[in-house]
Structure formats: structure tokens, C-alpha cells
Amino acid sequence: MPGPALRINEPSVVHETIDDETIIIHLGTGTYYSLDGCGAEVWALIEAGAGGDQIVSAMRQSHDCEPALVDREVLELLDRLVAEGVLVADDATRPPTPMPEPAGAPCGGSFQTPTLHRYTDMQEFMLVDPLHEVDHQAGWPHAQAG
Amino acid sequence: MPKLAEGALPAFFQQAREEHAAAARREGERERRLRFGDRGVRLRFAGPALVDRLLPALAPRIDARPAAHEVTAGLWEERASPIPSRDVPWRDTDVGPRGLVRAPAGANVMAVHETGSGAITLIDRRARSLLYRVPDAARLPWWERAAPLRPALFWALTGEGRHLVHAGAVGDGERGGALVAGAGGSGKTTVALAALEAGLRYVSDDYVLLHSQPELVAWNLYGTAKLDRGHLARFPTLAEEARVSPAPEADEKAVLDVAASRPGAVAEALPIRAVIVPRIEGGRTRLDRVHRSKALLALAPSTAFQIPFDDGAVVRSLATVVRRVPCFALSVGDRPAEIAQAVDRVLEISAPAAPASTEPVPGRAEVAARGR
């Protein structure tokens with residue numbers, strides 16, 4: 001991921017960072033995620049409008065770690081977030097942006113692998129009423145055939 | 001995929017309103033009011049059938065006094081209207097997550113088509129008017145009777161600093177309450193029932209209206225609790241009071257009418273002092289502090305995925321909740337008394353050290369008085 005601008009896929013994706021962990025909820029897919037390690041720091045850079053290159057560069061500078069490892073881990077995370085539909089390419093034409101300051105506190109001098117935990121146990125809510133299971137015979141909703 | 005035509009939902013709303021009016025003329029209109037603090041819903045039922053099916057679960061909230069902010073809802077069953085019910089103008093593919101019909105951008109009328117029950121909730125945002133139609137009140141599934149009108153209440157009661165939240169709440173008037181957070185099966189009902197049995201006040205085992213400004217307050221919505229077979233075995237006294245269907249539907253739970261079985265046990269509202277994240281594990285009950293992020297993970301997704309109109313605003317509110325109060329992980333063991341003791345311990349730890357402050361908080365005195 002060389003450096004295309006990325007943006008959070010809002011409003012389908014909602015998120016909050018708390019205690020250096022980011023909770024991400026994709027309302028469109030029913031999947032939710034928690035992002036730990038240095039992931040919250042990466043997320044803050046994404047929120048601030050940084051492109052892939054800028055994020056990698058910022059993470060290299062703020063951590064005392066083998067640069068190749070930072071590159072690999074951060075780019076893998078960004079790729080995964082894009083694959084999950086959490087991030088999308090930002091096609092808007094904007095003037096070059098200065099290196100954003102991350103909104104969150106850095107996770108310390110050591111680099112901790114940003115880990116994205118993926119949860120799918122609530123995808124049923126996308127298909128059925130909260131309190132019961134779908135009737136696979138009748139299907140739903142009972143609308144006119146289209 | 002062709003979009004739902006502009007004007008289709010407003011036209012359907014108008015037709016539905018005529019159906020409701022015709023049903024009310026034929027069956028007779030029955031009016032009831034629900035009150036949740038300064039918010040209220042005026043229910044205009046066409047005939048008695050839906051009154052009997054929907055209102056028992058909402059009995060604690062019935063109040064003849066109009067609220068300061070009130071929404072009106074017309075409710076009827078298709079079979080009661082002399083006007084044949086119109087087919088819905090949307091197709092299966094127009095129905096999105098949580099039953100919300102995909103309307104043109106900026107549409108004033110919204111629709112929620114619920115699965116299974118066939119219930120349709122129509123919302124005219126400008127007129128603050130609701131319509132709720134079901135095919136046949138007698139065939140309303142158990143879950144709709146136990147926790148009725150969820151989309152209507154979600155829309156009518158939520159707003160700035162007020163959200164419907166998928167969580168239980170228990171406590172008392174002196175120390176306040178705890179939100180009990182987690183997805184289905186995590187132990188919310190077990191914790192709420194253990195607390196109820198131990199004499200604590202009950203706000204809910206699954207849905208509350210949460211005010212987050214200026215004070216955190218959980219308001220009761222339903223006076224019911226839903227018991228599965230495990231709950232019936234674990235709480236034999238409450239099981240005797242629960243209504244078990246003689247011919248249960250698939251996955252049907254027994255419904256305990258808490259307000260009727262334990263008069264005075266249902267608290268209209270409690271100030272929230274803590275968040276409890278339960279997990280059913282068996283053995284001995286254990287209580288630990290938990291990171292706020294884990295509490296948010298328990299609260300936010302299961303709430304956000306169930307609310308049709310929210311677009312995630314509730315997640316920001318819930319983040320403020322876990323930042324403001326201590327959060328606990330409760331490993332739910334086998335003995336209800338131990339579970340209740342753990343809840344009691346949470347309330348002891350989390351209650352304000354000083355008596356309630358004198359800061360001018362709207363509704364606070366009312367909450368405290370009703371919570372006792």
C-alpha cells in the first residue's frame with residue numbers, strides 16, 4: 001500500500017478508542033472488531049487523515065524498532081482493514097496534508113504488533129429479530145414478491 | 001437494483017393511516033399513554049386485541065398524564081380493518097439490516113418491517129407520528145408480546161443524550177444501579193433475576209432507555225423478564241411465577257411479569273454507577289475489574305446492531321458511560337445468592353461516597369424518589 005489516502009467507511013463504520021484499544025463496528029456487515037497493540041495509534045493516524053505512507057513513516061519515527069517490521073505489520077493491518085470494508089480509498093482530491101498528529105497517546109517506545117480481533121457472533125442481528133431465530137421455511141420479511 | 005420510488009412511503013403511510021382510522025371506527029378506539037420521564041407515547045389502539053397482547057409488558061409505564069414530549073402511535077391488526085390492507089410498496093431487497101426499509105435519501109417517512117411477526121412500523125418524522133400494523137394480534141409471536149414495539153419506542157424515545165441500550169439494569173434507590181451488559185446468552189437475565197430475588201430493584205434484563213446527560217440514568221421500558229430453561233431451573237421460586245406457554249413456539253421462553261409478581265420491585269429509573277459484564281461460567285461467582293474497552297465491547301455492538309435508526313450515535317454515548325463509571329467482569333457461578341452478593345458488592349464499591357449532590361440535575365429528585 002504505497003500511499004493512497006484512506007478514510008474510515010463512515011457512516012457504515014462506527015468506532016471508539018478507549019484504554020488504547022479501538023472498538024470498530026461495521027453496521028453494514030454485522031461484524032465488529034477490537035484493535036489492540038499499537039493499533040489504536042495507527043487508527044488515530046487514519047482518523048487524522050494520514051495516507052498509508054504517512055502512517056508507516058509516523059509509526060517508524062515513534063517506535064524504536066526494526067523499520068521493516070513496522071512497515072510489514074502496519075501495511076498488513078491497513079490491507080486487512082480495507083479488505084474488511086472498514087477502510088475505503090479516499091478519492092476526494094485534496095491539497096497535500098501535513099503529517100497529522102495522532103489523536104491518541106502512542107503505545108510507547110516499543111512497537112507492539114497491531115492486532116485486529118474480528119467478531120461475527122452478532123451477524124444474526126442483520127437478518128433476524130433480536131429475540132428469535134428466522135423461520136427458514138417462511139423466510140422473511142413477508143413482503144410482496146419482487 | 002431499482003430504488004423504492006420517491007413518494008412510495010408517504011403514500012403508503014397515508015393509506016395505512018386510513019386503514020387505522022377505519023379499524024378504529026369499527027372496533028372502537030382505546031387510548032393509553034406510556035411515560036418515560038419527560039417522554040411519552042400516546043397509543044391509539046383500534047380495538048382491544050392489541051391492548052391485551054402488547055400492554056402487559058409495558059404496564060409499569062402506563063400513565064394517563066401526557067408527557068412534555070409526546071409521540072402518537074396508531075395501532076391495529078389487519079384483520080380488524082374494513083379496508084383491505086395494502087401490500088407493502090417495498091420488496092425483500094429493499095429491506096436492510098434490522099428491518100429498516102431503504103428509503104430515498106432525506107425521506108420523511110421511514111418503515112421497519114420486522115421478521116417473523118410481520119409487524120410494520122411506519123414513522124412520519126415531521127409529524128412525530130407512528131403507525132404499527134400486524135397481521136393478526138392472536139398470532140403475535142411471544143417475543144413481540146414480551147418486548148413489544150421496539151422500533152417504535154427506539155424512535156420515539158431516543159435523541160440527544162438518550163438511547164435505547166441492550167443491557168439490563170438493577171440496583172437500589174440509595175446506591176444507584178448497575179448496567180448489565182452483554183450479548184444474548186452472556187448472563188444478563190441471570191444477573192438481573194438473582195438481584196431481583198435478593199431484593200434489589202429491577203429496571204430490566206435486556207433493554208433500557210439510557211440518559212447520558214447530565215447524569216447517567218437507566219429508565220425502565222418493559223416490566224417483563226424472559227426465562228429460558230436454565231433460568232427456570234436456577235430460580236425455582238421465580239419459575240413458579242413465570243408464565244410458561246402450554247404450547248410453546250420454537251425457542252419460546254417463559255415470561256415473568258416482574259411488575260405483577262413482585263409489586264414495587266420494578267424501578268422506573270436508577271442512576272447508573274457501574275457497568276457489569278457477566279459471563280456464564282459456573283462454579284463459584286467471581287468479581288474482577290475489567291478494562292473499559294472490554295465493557296464497551298460488551299455494550300456497544302449488541303446495541304448498535306439492534307437499533308434501526310441510530311447510525312452508531314449510541315456507540316459514542318456508551319463510550320462516555322464506560323469512561324464515567326467503574327466496569328466489572330462478573331464470572332457468573334451456579335449459586336444465585338453469590339451472584340446477588342457480587343452485584344451488591346459492585347453497588348457498594350461504586351456508590352458515591354457522599355450523599356447525592358445538590359447540583360441542579362433535571363429529573364434527579366424524581367429518579368431518586370421513584371428508585372426507592
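Predicted model: local features only at pLDDT ≥ 70, side-chain atom pairs only at ≥ 80, totals over all residues.

I started with B:Ala111 and looked up its bridge partner in strand 5 of chain B, which turned out to be B:Leu122.

Next I checked how the two strands sit together. Strand 4 of chain B, residues 109-113, runs antiparallel to strand 5 of chain B, and 5 bridges join them. The hairpin they form has 6 residues between the strands. In that hairpin I found B:Gly116 with a positive phi near 70°.

Then I went to the other partner of strand 5. Strand 6 of chain B covers residues 129-134 and is antiparallel to strand 5 of chain B, again with 5 bridges. Which residue of strand 6 of chain B is the bridge partner of B:Asp124? I found B:Ser129 there. This hairpin, of strands 5 and 6 of chain B, has 4 residues between the strands. B:Arg128 takes a positive phi in it, near 50°.

Is strand 5 of chain B mostly covered or mostly open? I counted 4 of its 5 residues, 120-124, as buried, so I wrote "mostly covered", taking buried to mean 20 or more other C-beta atoms within 10 Å.

Last, I turned to chain A for the overall picture. I get 3 helices and 6 strands for chain A. Read from the N terminus, the order in chain A is β-β-β-β-α-α-α-β-β. Chain A has 146 residues, and 38% of them count as buried. I also looked at the contacts in chain A with a separation of 6 or more: 68% of them are between residues 24 or more positions apart.

Methods. Residues numbered from 1 in each chain as written. Chains lettered and ligands numbered in written order. Buried ≥ 20, exposed ≤ 12 C-beta atoms within 10 Å, placed from the backbone. Contact = placed C-beta atoms within 7 Å. Pairing = 2+ DSSP bridges.
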